[in-house]
Amino acid sequence: MAITAQDVNRLRQETGAGMMDCKKALTEANGDFEAAKDILRKAGQKIASKRADNVTSEGIVLTQVNADGNNGKVVALACETEPVSKVADFKSLAQRVMDTAVSTNAGTKEELLAANQEDGRSLQDHITDLMGKIGEKIDVVSYETVNADQVVAYTHSTGKLGVLVGLVNTNGTDVTEVGKDVAMQIAAMNPVALDKEGVDAATVEREIEIGKEQARAEGKPEQMLEKIAQGKLNKFYKENTLLNQEFVKDSSLTIAQLLDKTSKGMTVNDFKRVAIA
């Protein structure tokens with residue numbers, strides 16, 4: 001049957017696919033709109049399969065804190081190239097991912113991707129559809145949640161890095177400003193853990209061995225190596241765990257001291273730093 005420009009435009013409006021793709025799908029489906037939609041979806045699945053191993057180093061990171069201020073979410077939607085990250089359809093999909101995270105309060109990335117949308121299809125189906133339209137791998141590479149008395153979010157100007165920081169024992173204090181300072185500290189300094197108790201055993205063991213090797217190379221006595229390594233480990237904690245780091249805006253204070261100074265007993269219970277790179 002003859003495929004009219006009106007038919008192609010209708011399919012394009014309903015699916016968001018390109019004009020030529022819509023015309024090709026309608027022709028293959030002999031004008032059957034539902035069959036044409038299935039053809040376009042299968043095209044997206046083929047793209048997803050073919051490009052599954054491709055690197056996604058561009059994209060968008062979004063953060064959002066709920067109205068009560070006690071729950072924050074950060075999502076990262078990644079693609080292969082910078083131009084794709086800037087198109088309206090990709091940005092709309094990123095917002096869909098965040099809206100779905102908020103509405104479902106999904107516990108994991110897998111739950112998020114499986115969440116039904118208004119058309120009864122999953123979020124992953126919508127991602128796959130856009131892959132078929134754009135021709136690149138698209139993936140939710142990170143999804144994190146923080147719960148606290150007060151959650152503060154920060155998104156870097158590049159749009160490719162986002163931070164959530166959870167503050168507890170706030171005692172009714174307005175912690176927005178200090179929370180933003182701590183979030184920016186996390187963005188810049190990329191701590192490995194909240195405090196030394198949060199550093200995994202393998203990292204501790206590696207740092208001790210590095211410390212011993214450095215001391216041995218400097219000709220230190222063998223019986224002194226353990227003590228020297230412990231000293232270097234304490235320096236590692238100071239530089240790489242959030243509460244022990246020096247505050248970048250005032251090196252006379254650690255982050256723990258900054259928070260306690262703002263409101264007695266206030267601290268951080270959790271943080272998430274998500275970046276696309």
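Reply: Helices (H or I, at least four residues) and strands (E, at least two) are DSSP runs, numbered from the N terminus. The model is predicted, so local features need pLDDT of at least 70 and side-chain atom pairs count only at pLDDT 80 or more, while totals for chains, interfaces and linings use all residues. Residues are numbered from 1 along each chain as its sequence is written, and side-chain values use heavy atoms, with hydrogens and water left out.

Me: Where does Asn-190 lie, and what makes it count as partly exposed?

Reply: Asn-190 is placed in the loop between α8 and α9. Buried means under 20% relative accessible area, exposed over 50%, and partly exposed in between (1.4 Å probe, protein chains only). The relative accessibility of Asn-190 is 40%, and therefore this residue counts as partly exposed. Its phi is near 50°, a positive value in a residue other than glycine.

Me: Why is Glu-207 called buried, and which residues does it touch?

Reply: Glu-207, in helix α9 (residues 201-217), has a relative accessible area of 18%, so it is buried. Leaving aside residues up to four places away in sequence, Glu-207 touches Leu-233 and Phe-236, where contact means heavy atoms within 4.5 Å.

Me: How do you know that the buried residues of α11 lie on the same side?

Reply: The buried residues in helix α11 (residues 255-262) are Ile-255, Leu-258 and Leu-259. They cover an arc of only 95° around the axis, and therefore they are on the same side of α11. The arc is that of the directions from the helix axis to the C-beta atoms. Among the elements covering these buried residues are β5 (161-168) and α8 (176-189).

Me: What makes up the lining of the second largest pocket, by residue class?

Reply: The lining divides into one nonpolar, four polar and five charged residues. Ala, Val, Leu, Ile, Met, Phe, Trp, Tyr, Cys and Pro count as nonpolar, Asp, Glu, Lys and Arg as charged, and the others, Gly among them, as polar. Ile-60, Glu-58 and Gly-59 are among the lining residues, and β1 gives the most to this lining, with three residues.

Methods. 1 Å grid on protein atoms, 1.4 Å probe; cavity = no way out; pocket = protein on both sides within 12 Å on 5 of 7 lines; lining within 4 Å.
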